[in-house]
Amino acid sequence: MKLRNYLAAAAMTLCSFASSAYTEFNRYGTDVISDLALIYAGADTRPEWNVEEVMPYVVHTYADGHKDWFFDGFLILEFTQGSSGKGFQNGVGTSYATKEDWEELLDKHISALRSIDTAISIGKAELGEPRLRHKAVLGMPAPIKAQGTGWGELNGRTLDFSNDDDRFEASKWYVVEAIKRFNDAKLENVDLSGLYWVEEGLYTNGSIVPRVNDWIYRNCMRSYWIPYYANNEQFKLNWHDLYNFDITYLQPNYFFRRSVPLQQLYDACDEAKRYGMGLEMEFETQGTSRLQHDDPDSYFTRLEDYIRVFEEKGVYDESAVAWYSGTKGFLDLDRSSDKHNHAIADRMADIVARRQQAKADSLAYPTNAIRDLALIWQGASYRIDWNEEDFRPYVAHKFADGTTDWLFDGFLFLDGCTTPDIRFIPWAGFEGAKKEDWQWYLDRLFEPGKGIDALNKSIGTLKKEIGEPDFRHKVVLTLLVPVCGNKHWGELDGRALDFDNDDDRVAAAKWYLDQMLARYEAGNYENLDLHGIYWLDEDLIHTKDFPKLIAPYIHEKGLEFSWIPYFKGRGYERWRDVGFDIAYMQPGHFFEWEKPEKRLDEACDISLLHGMGLEFECDSEALSQFPGSKMARMQSYIDAFKRNGVWETSPVAWYTGSKAFIDMYRQPTRENQAMMDQVARIIVERRSKPQIVKK
């Protein structure tokens, strides 16, 4: 990766690509990974990265013999095949890597991760659970424009890399293939966080990188980049606004040449903070700038400069850090016999341990006035009507021993369409629902004897049977999405609205909210409190930051704004920034048999890292009498939420398909009763425990 001289020279050749508008963050960049170790795996000049070789990166052994966890993240990357001369990016090697070489590169990346996964298992046996769950980032080659038609075929067609679209197609293929191979590896201890763009400058591929990063995001991954330091700011300005990277780390490039002044290290910290970037920690034990203290030409003091300056500038307290150690820096330090080399390694390990412990200590699931929120899919013509009797198994549960207790304390009413041909969210091939469709949904939602009215009556009936609950039942209503591009929604105040205009979208959303709140108020639901408004679109691919425009109006009404993105749905980590008060992550595990149990632990980990609640997921296929019953997958959620502490504090949104709990109630078997008893016991016990209510 570190092509210092070539890239530094190239940096001065193009200054016109920068955008004049950029986001000035004035804070360091942060990531789900606290400390990311760079592992070069792919060239025949690298270590094999067997378990013994990766162990010093996973568990650090101190000079006094005691051990502790080391890095929580691993970036597996490469830029050349080594002795063959083939390059995986522009400007390296003597020839170009082919599709076959890209596939071989992936094999080597996955092989290194298998060793890391095994090393973590060994560490767990000795040290117990790590502070933070381990994550991986896979490097991806940058298609070389000058290669032309030499890369190979995709879908029976020879790609031409002189064409932007073909380079993009090759990158798309690599992203999908990388995710597939990672999943096929079935690693127990490592989650895949994202993909890393290997080129440190964007001179030939700047035109496709935004599309590549969008594709990475659409595949539920994060995009990573580590640009070199340069005296121009074209990339530092635009990494987020123009190129769509999720996280970047700035290379200070101070370590490698004594002619580089210390001031550059300070400047790199200031620039990283200004532009919202993390920092790269840099040293190497091979080449001309060798770190080893016992080397006559040692660069040892330059690493000490990094540690001192990063401490002065608050990097270790605030920033995500990528750790570059050359080909095998921490392995060489581990094997060194010099006490000074061990001392500097111990010092770095202490820094990492302190940072990760602080992060682990700061993590918490959110709290909310609604502890268990039942998702009530009512609206579309093919849904059940949700009459008073339909609500009974969601409002209260009768246990096998004959006792009855209240169940859910919150109810979210939602739906994505009226019929399959009319959608309330962005959907390929659909312009979006019209005003008359929105009005139809309101009529259905507030129909007497059904929906909200039926819920209110069901609670009233059950009060007579089991007495007053010690809480108030709460309702969350859904804000339908004014879909960008819809030019036929209808009129407001005699003017046709155009949903390509944000002001018109806001006007429609406010009108709908006013209509919905007026109807709710007119209902006089004595057993219900209106608590919040739910945003229906499950990612921000199309709606982008629009929720932020309507959030103030919702808050003016004294209501909470909530969201439930799908697993790693675009924008999930920015839920607070776009105006939501609470968000829940969908694990997406229940529905597909091929998804491993590990997905649930990963979803819990992501939610904890970002202060999100969790969604519990099942549908009627969980019934014991259903062919190929998924009741075991339902149990997996219960067990995973228990071992990850979700049941203790986190609010939970309960997706049960259209009517899973009704089906279990009306089709009783011993297994169905036992499962519902278990679920109800969890909800009842959670409600009995005090919590700090989120305001």
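Residue numbers start from 1 along each chain as its sequence is written, and side-chain values use heavy atoms, without hydrogens or water. Because the model is predicted, local features need pLDDT of at least 70 and side-chain atom pairs count only at pLDDT 80 or more, whereas totals for chains, interfaces and linings use all residues.

In one barrel, 8 strands close in the order β1-β4-β7-β10-β11-β12-β13-β14 with parallel pairing (strands are DSSP runs of E of at least two residues, and helices runs of H or I of at least four, numbered from the N terminus; two strands pair if DSSP finds at least two bridges between them). Neighbouring strands of this sheet are turned by 30° against each other on average, direction ignored (axes are lines fitted to C-alpha atoms, for helices over the stretch in contact, and angles run from 0 to 180 degrees between N-to-C directions). Strands β12 (residues 247-250) and β13 (residues 278-282) run parallel and are joined by 2 bridges; Y249 has G278 in β13 as its bridge partner.

Another barrel is closed by 8 strands in the order β15-β18-β21-β24-β25-β26-β27-β28, again with parallel pairing. Strand β24 (residues 528-535) pairs with strand β25 (residues 560-563) in the parallel sense over 4 bridges, and S562 in β25 is the bridge partner of Y534. Helix α16 (residues 547-556) packs on the sheet, touching β21 (473-479), β24 and β25, and its direction makes about 145° with that of β25 (contact means heavy atoms within 4.5 Å). Helix α17 (residues 598-610) also packs on the sheet, where it touches β26 (582-585) and β27 (613-617) at about 155° to the direction of β27.

The volume of the largest pocket is about 1300 Å³ (a pocket is an open set of points on a 1 Å grid over the protein atoms alone where a 1.4 Å probe fits, with protein on both sides within 12 Å along at least five of seven lines; lining residues have an atom within 4 Å of a point). Its lining comprises 44 residues, with R27, T30, R222, E573 and R574 nearest the centre. Helices α9 (315-318), α11 (339-362) and α17 each supply at least two lining residues, and α11 gives the most, with 4.

The second largest pocket has a volume of about 770 Å³ and is lined by 33 residues, of which I425, W427, E538, Y566 and Q586 lie nearest its centre. Strands β15 (372-377) and β27 each contribute at least two residues to this lining.

Methods. Points joined across faces, edges and corners; volume = space filled by probe spheres on them.
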